[in-house]
Amino acid sequence: MTSILQRPLRKTLLTSVAATATLLGAGVQAQQDDDSGFALEEIIVTASKRPQTLQSTPIAVSVTGADTIEKARVLDISDLQSVVPSLRVTTLQTSSNTNFVIRGFGNGANNAGIEPSVGVFIDGVYRSRSAAAIGDLPRLQRVEVLRGPQSTLFGKNASAGVISVVTAAPSYDAEGRVEVQYGNYDQKLVKAYVTGGLSDTFAMSLSGSWNKRDGYTEALDPGVPDLNDRDRFNVRTQALWEPTDSVTFRLIADYSEIDEICCAVTNIVNGPTAGIIQALGGFVLDDANPFSYTSPVNEIPINQIEDGGISLQADIDFDTWSLTSISSYRSNDALNDTEPDYTGAEILDSAFNEANIDTYTQEIRLTSTGENDVDWMIGGYYFKEDITQVQGLEYGTAARPYVSLLATQGASPFFFDAPFPGFGTATIEQILGIPIGSAFGADTVTRETFTQDNEAYSLFATVDIHINDRTTFTGGLNYTNDKKTVTGSTVNGDTFSSASLQDNFFGAAFFGSTGLAPTPGNIAAVEAGAPGTTAALNAAIAPIVAGFSPLQFQPQFVAFPNSVESGRSSDDKLTWTARLSYEMTDNVNVYFSAATGYKATSWNLSRDSRPAAGDAAALGAAGLLQVNQDFGTRFAGPEEATVYEIGLKARYDRGAINIAIFDQTLEGFQSNIFTGTGFSLVNAGKQSTKGFELDATWSPVNSLTLTFAGTYLDPLFDSFVNGPGGDLSGTKPAGIHELSITTSATYDHQFDNGAFGYIRADWLYESDVQVVDNIPGINREVNQFNASAGITFENGVGVSVFARNIFNDEYFLSAFPGVIQAGTFNGYANAPRLWGVSLSYDF
C-alpha cells in the first residue's frame, strides 16, 4: 500500500483520516451525551449470503435502502449511481447495451458473448446480461453493491463486483400503494403494489409499473420521433408459503417490456467527410455544440426487449443448519435496429441485432445456524444458457456515391461507373471481377448468425472461525468449471470486400503492360526476360491497394466450427477468500482481506470475429482461408482478479463510517473497443487500481441525515501491448475517474396533524478523465445536482416533486470513432434536466 501514499492520494487519505477521527470523536460524544433515544437504523445485509449487520460485515459494500430509493427517485439501476460513487452505469447505442462498472472495472456491453464483470442478482437470481437488468425496479427492500472480486460466493462473473437487488417479500397484512407521476417531456408513470395474506401461512403480492416519456433529443427528420424516450412496463407477482415455522417457499414470476427510440449520438469532432455527407443530403451536427440534443438520423431506431422469468426459493431450517435452494428460469429477447452512420444520408441504413437468451440456474447451499465457534457454509451452483443471435448491416442508396466521393476526394459520386485511371476503359468493378453496379449497392446485406451454449457449475465453501469474542478468521474456496460451444456463419453480400485488390489490380496492370494473361507461367516468363517487372508493377499498384483496403471492412467470414477451429472453450479455476476481522470496541471493527475473482472466456459473437493468426497455416492447408483474409480473435481468454484490502467500520447512535483501502489487479481484462468499422476484443495483459473509499452517515439532529461517500482511484495499464491504437502499457485506462463523490442531505419533519414531510438534495461529482482509450482529447467531468421533496398525509395520500440534473450539467457518457468516417468522433450525451410531480396513495 506504500505506493498509494506516493501518489496524490496522500492528501486525500490524510484528510479522510482526520475526518474519520473527528466523526468517531463526535460519535463517542454523542453516545455519551445524547439521551433522546435516537439511533441510526440497523442495516441488515446478505453480502456473505447470511444475514449480518452492515457494520459487522467485513466486506466493502454500499447499501441503499427502500427509504433512500423512494426519496431519491431511483427508478432503475442506472439511477443508483447517483448515490453509490464506486458504481458507474453507461447506456451506449441501444437500450440493451448498458455497462456496469465498479471501481473502474467492468464490461459486457455491445456483444452478447461477453459476460459482464459485474454480476447483477435480483432476489438471488443471476441476470446474465444487462438487457435483463435495466428495467424499472420493483418494490424494493434494499440494493447492495459489493465492491471488488466476489467470485467465492457469487461465481464466475463477479470478478469486479456484484449488484444485489433485494425486493420486498409479500406481507400477511393487507396493504398497497398506487402512484402516478407526471414530468417534463410528457412523462407519465403509473406504479401499483398490493399484498396480503390469504391464510395464516400463505401470502401474495402483485406489482406493476408503466413508464412512458417523450425523447429529449429532437429528431431533425420530421418522419422520426424524438430520441431517448422511455416506454417500458413490468408486472411481478410473488407467493410466500410458510407451512411451518422452519419452512419457507417464495415463488416469484415477472415479465417486462421495453420499446424505446434510443440512443441519440452527437458529433464531438467533425472530420473531413463532413462535406461529402452534406453533399449527399445528410446532416452534420455542429461539433462546437455537442449538447444541442438533436439527431439527424432518418431511420427510426428500434429497441425492443422482452424479459421474463420465474424463480423458486426454498429455505428449510434444521436444528443446527439450514438449507437454501434457489431455482430459476429466465428468457430474454432483444431486437435492436439503428442507423449506424448517424448522418441521415442513407449511407448505412441498418445495423440490426436480434438475440434470444434462455438461462436456467440452480443454487443449493447449507449454512450453519446458531452461535458456534466455527460457522460454515457449503454449496453448489449450476448454470445453463443458450444464445441465438442474428445480426447484420445493410447499405443505403447513398453508400455507393459516398464511397465514390471518398475515392475521388469529393470530385465525383460516379467513381465506380467511370474508367479507372491508368487502366483504359475498365471500371474498378471490371478490374476486380465483380458484377457491375454491385459495389456498395443499395440494400446490400451482410448477415451473421451465432449460437452459444454455455454450461457451468461451481462448488463453494466458507468457514468463519471465531478465534475469540472479538476476532474472526474467514476462509473460502470456489471451484468453477465453465464450458462453451459456439457456432458462427455469415451470408455476405459485400462484393467489394470479397475481391482481392492485390491480385486483381496486379493482373490488370500485368495485362496492360504485357498483353498477356497474368498466369504463373506468363509472369515467370516475363520476369525472366525483364527482371524487376513484377516488383515495378507491385510498386505501381501499392498506393491503390493501400487506399482502397480500408473500404473492405466486411471481408468474407470463416465459418466455425471447422476442421481447425473447434468453437469450444473449457475453463476451470479455483478462487479463494481470506479475511481477518477484529472488533476494536463495541462500535469499531477493522478487517484485512485478500480475495481472487474469475470470469471465464468470452466469445466474440459479432462480424468482427476472426481466426487467430496462429491458425493461418492450418486454415490454409484445409482450404478455409478467404479472399482478403485477416486475423484477430474469436474470443478473449479468462479474467483473473486479485484484491488486497484493509477496512474500518464504525457505528454510533448518530453516525457511521466505513473506510476501505485496496489494491486490486485484473489480469487478462476483456477489452472490447469500437475502432470505427468494428470492435476489437482482446485481453489486456494487466490492469491495476489502487484506491480509497469512504462512506459516512451523520445525523446531527433527529430530523437531519447527512451522507458523504467518496472514492479515489489510481488505475494503470501495467501491460496492454495489443491495445486499440497501439501499446497502452504504462498509461492510465480511460473512463476511470480519479475522484468520485456523492453527498446528500435529507431533512424529515413530522407535522402536528400527523403528516410526514421531507426535503432531500444530493450531489454527484466525478473528476475530469479521458472518455475512451483510443480517442485522446475527449474528456468528461460530472457535477450533477438532484433534489426532491414530499409530504405524506395521515390518510395515506402523498405528494412529491423531484428534479434530476437540476443545473443541466453536460458530459459525455462515452465516445467512439465515426462509422466509416475517418477523423470524425461521435459520442453519447448525458440526459438533460428531468423533473416530475407524483401523487401516491398508501392503504
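Student: Which way do β36 and β37 pair, parallel or antiparallel?
Tutor: β36 and strand β37 (residues 825-829) pair in the antiparallel sense, over 5 bridges. Pairing needs at least two DSSP bridges between two strands. Strands are DSSP runs of E, at least two residues, and helices are runs of H or I, at least four, numbered from the N terminus. This is a predicted model: local features need pLDDT of at least 70, side-chain atom pairs count only at pLDDT 80 or more, and totals for chains, interfaces and linings use all residues. Residues are numbered from 1 along each chain as its sequence is written, and side-chain values use heavy atoms, leaving out hydrogens and water.

Student: What stands opposite phenylalanine 816?
Tutor: Asparagine 826 in β37.

Student: How many residues of β36 are buried?
Tutor: In β36 (residues 812-817), 5 of 6 are buried. Buried means under 20% relative accessible area, exposed over 50%, partly exposed in between (1.4 Å probe, protein chains only).

Student: New topic. Which cysteines does the disulfide join?
Tutor: Cysteine 262 and cysteine 263, with S to S at 1.7 Å. The cut-off for a disulfide is sulfur atoms within 2.5 Å. The structure holds 1 disulfide.

Student: Are those two cysteines buried or exposed?
Tutor: Both cysteine 262 and cysteine 263 are buried.

Student: Why is the disulfide right-handed?
Tutor: Because the torsion about the S-S bond of cysteine 262 and cysteine 263 is about 75 degrees.

Student: And α9, which residues are buried there?
Tutor: Among them are Leu501, Phe505 and Phe510.

Student: What follows α9?
Tutor: Glycine 515, with a positive phi near 75 degrees.
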